[in-house]
Amino acid sequence: MEIEEMKALWSDMSNQLDQQKKLTNDIIMQMTQEKYTNKFKTLANYETIGAFVCFAILIFLILNIHKLDTWYLLGCGIVTMVFMFVFPVLTLRYLRKIKQFEIVNKNYKEVLVGFHKAKANLLNLQKVGVFASFIVIFTSAAVFAKIFDDKDFFMVERGVKEYLFLAFTLVLVFFFSRWGFRVYQKVANAAEAVLKELE
Amino acid sequence: MTKLVVSVLISRNNKNKMQKEEAFVELIKQNEGLIFKITTMYTDHYDDQQDLYQDIVYQLWKSFDSFRSESKISTWMYRIALNTALTRIRKKKRFGNSVSIDQVILKQTENYNQEFEERLKLVYAHVRKLNVVEKGLIFLLLEGKKYEEIAEITGLSPTNVGTKISRIKQKLKQQIVKK
C-alpha cells in the first residue's frame, strides 16, 4: 500500500464519517459539563490520601521524638520525618503541574516537550522514592521499635527466625525496588526518545 | 462551518450562553469524524477511546471562548485535539476490548463495504506503529493538510515537516514490505 493509496482511503473514510452523525446535542453538552473520567484527578486523590497518612506519621513522630534517646535513633527519626514530609509534598507538586498543564495556546511540539519534561520530573522523583524507601523501611522500623516497645533495633539480640525475616524483607524490597526502577526507567527513556526526535 | 458558528466566534462580545452552546454543538457535530479519527489513532482500547473523545470535547469547550478568529477553526481544532491526545494518561491494556474500526465506524452507513474496512484497518495498524511525533504528522498529512499548515499546528518548521514526512513515508514503506 502506497501513501497515496492511504490518503485516498483516508479521504473516503472521512467522507463516510461525515455522513454518520452519532452525537446528539445532549451528549455533546454532557461532555462539556464534567470530566467524569479525569484520571489525573484520581491519581492526585490517591496521592493526597497518601500524603495525609505521611503527615499523620510525621506528627506522631514529632510528638514522640523525645523517646529516641541515642544519636543514631534520633538520626533514624529525622531521616524518616524528612521522607514523610518532602516526598508527598514534591509528588503532589509535580502532579499538580501535570494536571494543570496548559494545552490551549501551545502547539504540538511545545506540548510534547513540556508535558514530557513534567512527566520526567515526576518519574525521577518516583525513582528516588523507590530507593529512599529502601532506607526508610529500616529507619522507620528502628524508630517504631523504640517508640512502641522501647527496644533498640540495632542492639537487640535476634534469633535465626528474626534474621531470616529480615533477609526475606531485604530481598523483597530489593526486587520491588528494581522492578519499580526499571518501569520508571523505561517510561523515562521513551520520553527522552520523543524529545530527541523533536530536536 | 455554519454562519451561526462564524458569527459567534467573530463577535467576542456575544455572551449569550444559549447561542454559544448552540454554536459549539454545531461545531462538534460537524467535526465528530475528525475527533473520532484522532481518538481511534491514539488509543488501543474502546474505553480509552471514549475517555479521550470526551476529554477532547471538554478541552474544546474550555477554550471555545479564547479561540480567536484570526486562525483557522480547523487549525484550532486539530491543535486542541492532538494536544489533548498527547497529555492523557493511558489506561492499562485490557483483554478483549480493543478498538476495532469495524462495527464502530462504517457499519451504520449505507455504503458499508467489508473489503474497504479491512484496508482501513491496515492503515490504522501501520499508523499506530509510528511514534507519537510521527503519528501526529502522518495524521495531518492524511487529512490533506499542506506542510505550512502542519507546521503551524505542530510548531515545527515547514522544512522540518517535509524532512520528517519523507522519513515517515520510508518507514511506512518498510513496514508494509515486511508484512
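Contact here means heavy atoms within 4.5 Å. With that cut-off in hand, select chain B of this predicted model. Among its contacts between residues at least 6 apart in sequence, 63% join residues at least 24 apart.

Stay on chain B and colour by secondary structure. Of the 179 residues in chain B, 54% are buried. Switch to a surface view: chain B exposes about 8,900 Å², and carbon and sulfur atoms supply 47% of that area.

Next, show chain A as well and select the residues where the two chains touch. On the chain B side there are 63 residues, in contact with 46 residues of chain A. Between them the two chains bury about 5,500 Å², 67% of it on carbon and sulfur atoms.

Now look for polar links across this interface. Nine residue pairs are in polar contact, both residues being at pLDDT 80 or more. The count of salt bridges between chain B and chain A is one. To find it, select B:Arg119 and A:Glu5, where the closest N and O atoms lie 2.9 Å apart.

Which helices of chain B supply at least two residues each to the side that touches chain A? Select α2 (17–42), α3 (46–62), α4 (73–86), α5 (114–128), α6 (132–142), α7 (147–154) and α8 (158–178) of chain B. α2(B) gives the most to this side, with eleven residues.

How values were computed. Residues numbered from 1 in each chain as written. Chains lettered and ligands numbered in written order. Predicted model: local features only at pLDDT ≥ 70, side-chain atom pairs only at ≥ 80, totals over all residues. Heavy atoms only, no water. Buried < 20%, exposed > 50% of the residue type's maximum accessible area, 1.4 Å probe, protein only. Areas by Shrake-Rupley, 256 points an atom, 1.4 Å probe, with all protein chains shown as cover. Buried area = accessible area lost by both parts, 1.4 Å probe. Salt bridge = Lys/Arg side-chain N within 4 Å of Asp/Glu carboxyl O. Polar contact = N/O pair within 3.5 Å; in protein donor to acceptor, adjacent residues only side chain to side chain. Helix = DSSP H or I, 4+ residues; strand = E, 2+ residues; numbered from the N terminus.
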